[in-house]
Amino acid sequence: MKFAFSLTAVAAALSFSAFAQAADVLISASQMLDVRTGKMIANPQILVRDGRIVSVKQGAQSVSAETKKIDLAGMTLVPGLIDMHVHLDSDPTYGGYNTLQFNDRFWSIITVPHASRTLDAGFTTVRNVGSDAWNDVGLREAIDEGKVRGPRIVTAAYSFGATGGHCDSTFFPPSMNQRSPYNADSPEEGRKRVRELRKYGAQVIKICATGGVFSHNTEPGQQQLSLTEMKAIAEEAHQWDLRVAAHAHGSSGIKDAIRAGVDTIEHASLIDDEGIALAKKHGAYLSMDIYNTDYTQSEGKKNGVLEDNLRKDREVADIQREGFRKAHAAGVKMVYGTDAGIYPHGDNAKQFATMVKYGMTPVQAIQAATINAAEALASKDVGIIEAGRFADMVAVKGDPSKDVRLLENVAVVIKAGEVVKGGGK
């Protein structure tokens, strides 16, 4: 299935008309990481017009006197970072039943500071894979209109799965009659959910193939959608030119999701050798959140996370990290996904060092958050500093291809050719 990204609804999420440049912009730095080759380019000069890159050259460019100049001498440029798995209407400082102390619209409002922190962290594009009450769609629209600041957002709206599964409401007794409005218990219901969600703003479809860590009465290894159901969902989504992400911890659910044609496997905590081979054969991307357990285990209890959820997190953590190591070594395509919202927004870059610890080079970890993520999005607009793409980039002092922790504190963030954090001479 080919995905014509420029014709899909996702393209709207990655547009940025509100900040179109009135004049050309010339961005210069000491060096720039070419994520296609993994090599540094000395003395880059990047000409930007109307938010997009016109040219990338080494050394001086001839430009008009009206051209605005952003001089980042002594700094290294990296493409704007992409987090493929966030939940901007979640706040990890409230866990378990502590979330019930607030009005429903509280969660809509906190998306605004979360988006701002994410942008300041250097993540100029995110994929929000599941939210309540269309919160991510409204946030995307507000950002695109220039009403609030934040990254480009690819929105899933509601994630969905089986009744009683991880994507359902599972913490309450029957007297409260709590359920997700988008449960799908047959292939036909799955197809309908795709159509309904796309109608109101979903730009990627997120399903729950297995149980999860932060739900009640589900175990991560349990498969909760059948191969037939997932195949119907994937076929329907691809017909509408939407990609599909599957929450899948357990090995059977991972393998059936890949066989069904799902594009990205989220978490992949209990992936086995057969699953790794299937991912490589089918070209599925793995988005493995291998840092966030550090936060959950140190802070979760005081935030109200229930012991049963902490138990599940402990049980899958090391297995997931070793699975990450094996999948990467096997040549499976990997993208950068953190599950931000399970840990604090704005700390997204802390996962880079964990990815390096478990087998990646710094450049490979950066590629997971740039060129690989752009390919998984079917995007020719983001992920690389090259002509035709949006002028999204970050700058750090030092060489992140040698010390990836430099990306935890980016000095400058540029979105569509406009400095949105920091600045140059």
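Which residue just after α4 takes a positive phi? I looked it up: G146, with a phi of about 80°.

Notes on the source: this is a predicted model, where local features need pLDDT of at least 70, side-chain atom pairs count only at pLDDT 80 or more, and totals for chains, interfaces and linings use all residues. Residues are numbered from 1 along each chain as its sequence is written, and side-chain values use heavy atoms, with hydrogens and water left out.

**Helix α4.** I checked residues 135-144 and found α4 mostly covered, with seven of its ten residues buried (under 20% relative accessible area, 1.4 Å probe, protein chains only). Those buried include the charged D136, R140 and D144. Helices here are DSSP runs of H or I, at least four residues, numbered from the N terminus.

**Cores.** I then went to the largest nonpolar core, which has 74 residues (buried Ala, Val, Leu, Ile, Met, Phe, Trp, Tyr and Cys joined through side-chain atoms within 4.5 Å). F160, I205, I207, I265, L286 and F352 touch the most other members. A second, separate core has 17 residues, among them I70 and V412.

**α9 and α10.** Last, I looked at α9 (residues 293-303) and α10 (residues 307-329): their axes, lines fitted to C-alpha atoms over the stretch in contact, come within 10 Å and cross at roughly 160°, on a scale from 0 to 180 degrees between N-to-C directions. That makes α9 roughly antiparallel to α10 (over 145 degrees). In the contact (heavy atoms within 4.5 Å), residues of α9 including T293 and K301 meet residues of α10 including L310 and R321.

Conventions. Helices (H or I, at least four residues) and strands (E, at least two) are DSSP runs, numbered from the N terminus. Angles under 35 degrees count as roughly parallel, over 145 as roughly antiparallel, 65 to 115 as roughly perpendicular and the rest as oblique. Buried means under 20% relative accessible area, exposed over 50%, partly exposed in between (1.4 Å probe, protein chains only).
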